[in-house]
Amino acid sequence: MVPFLVEFIKHPRFIGAVAPSGRALAEKMMGTVRFDRARAIVEYGSGTGVFTRRLLARRREDTKLILIENNPVFYCRLQKEFGGQRDVYLFCGSAEDVNDYLAQCGISSADFIVSGLPFASLPKQMSENILSATCKALGKKGRFITFQYSMVRRKFFERYFSIDGRLLEMKNLPPAYVLVMRAKKLCRGRTEEN
C-alpha cells in the first residue's frame with residue numbers, strides 16, 4: 001500500500017488512485033473474462049499485481065499472459081513476483097505499443113485486454129493512441145475490459161468500442177464501473193489501414 005501511495009504522489013496523472021484496486025472489483029473484472037476460451041490475455045497497468053494474481057490463478061495452462069506496466073517501480077515488483085513463470089511476458093512500456101509486444105510474443109491478437117489505466121486523467125492523445133492500438137490488438141472477437149471511477153469518458157470509449165456490459169462495484173473504494181467492450185468495425189478497419 002505504501003509504495004502505491006508514493007507512486008501516486010509522484011505520478012498522480014498516470015496512477016489514477018491512492019490505493020490499489022480492491023478484492024471485490026478484481027473479482028467483478030475477472031467475472032467478465034472467458035478463461036475457458038482465452039489463448040492470450042493482456043493486462044494494461046498491472047501495478048501491484050491485484051488483477052495479475054487472479055488472471056494467473058484462473059487462466060488455462062496454455063494461455064499466454066502479457067503484462068504491460070509503464071511505472072519502473074511497479075515493473076520491478078512485477079518482475080520479482082511473476083517473472084520466469086511459464087507463458088508470462090512482462091513489458092516496461094506503454095499500452096500504446098501493445099501490438100509490438102504481441103508480435104514479440106508471436107501473438108496476432110488478444111482474446112481479452114484487461115485494463116486498470118486511468119483514462120479520465122491520462123493525456124488525451126495518449127488515451128486515443130491506446131484505444132486505437134487496443135482496437136487493432138483485439139481483432140474481431142476480442143473484448144476490452146476496463147474499470148473507471150465515473151462514466152465521464154463513456155462517449156470517448158464509444159468512438160472506438162461498443163459497450164456490451166456495464167457493472168457497478170460499490171464495495172470498491174471509490175466505487176467503480178466495469179465496462180466490457182468490443183472494437184467497432186470502423187475502428188478496426190481504420191487501424192488496419194494505418
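1. Lys141 counts as exposed, because its relative accessibility is 68% and the cut-off for exposed is over 50%. Lys141 sits in the loop that runs between helix H7 (124-138) and strand S5 (143-148). Together with Arg37, Lys140 and Lys185, Lys141 forms a positive surface patch. Keep in mind that this is a predicted model.

2. The largest nonpolar core holds 33 residues. Val42, Tyr44, Phe144 and Phe161 have the most contacts inside this core. Several elements give two or more residues to the core: strands S1 (40-44), S2 (64-69) and S7 (176-183), and helices H6 (98-104), H7 and H8 (154-158). Helix H7 supplies the largest share, 6 residues.

3. Helix H7 also carries Glu128. Is this residue buried or exposed? Glu128 counts as buried, because its relative accessibility is 13% and the cut-off for buried is under 20%. Glu128 and Tyr160 are 32 residues apart in sequence, yet their C-alpha atoms are 9.1 Å apart in space.

4. Look next at Asp87. Its phi is near 60°, a positive value in a residue other than glycine. Asp87 is placed in the loop between helix H5 (72-82) and strand S3 (88-92). With 18% relative accessibility, Asp87 counts as buried.

5. The count of salt bridges comes to 13. One of them joins the side chains of Glu27 and Arg54, at 2.8 Å from N to O. Glu27 belongs to helix H3 (residues 23-30) and Arg54 to helix H4 (residues 50-58), so this pair ties together parts that are 27 residues apart in sequence. Glu27 is partly exposed at 32% relative accessibility. Arg54 is buried, with a relative accessible area of 18%.

6. Glu27 has another partner. The side chains of Arg58 and Glu27 meet in a salt bridge of 2.3 Å, N to O. Arg58 lies in helix H4 and Glu27 in helix H3, so the pair ties together parts 31 residues apart in sequence. Arg58 counts as partly exposed, at 34% relative accessibility.

7. Which residue forms a salt bridge with Arg143? The partner is Asp164, and the closest N and O atoms are 3.2 Å apart. This pair links distant parts of the chain, with Asp164 in strand S6 (residues 161-169) and Arg143 in strand S5, 21 residues apart. Asp164 is partly exposed, with a relative accessible area of 40%. Arg143 also counts as partly exposed, at 22% relative accessibility.

8. One last point on the salt bridges: those that share partners join Glu27, Arg54 and Arg58 into one network.

Methods:
Residues numbered from 1 in each chain as written. Predicted model: local features only at pLDDT ≥ 70, side-chain atom pairs only at ≥ 80, totals over all residues. Heavy atoms only, no water. Patch = residues over 30% accessible without salt bridge, like charges linked within 9 Å, V, L, I, M, F, W, Y side chains within 5 Å. Areas by Shrake-Rupley, 256 points an atom, 1.4 Å probe, with all protein chains shown as cover. Salt bridge = Lys/Arg side-chain N within 4 Å of Asp/Glu carboxyl O. Lys, Arg positive; Asp, Glu negative; His and termini not counted. Charge placed at Lys NZ, Arg CZ, Asp CG, Glu CD. Helix = DSSP H or I, 4+ residues; strand = E, 2+ residues; numbered from the N terminus. Buried < 20%, exposed > 50% of the residue type's maximum accessible area, 1.4 Å probe, protein only. Core = buried A, V, L, I, M, F, W, Y, C linked by side-chain atoms within 4.5 Å.
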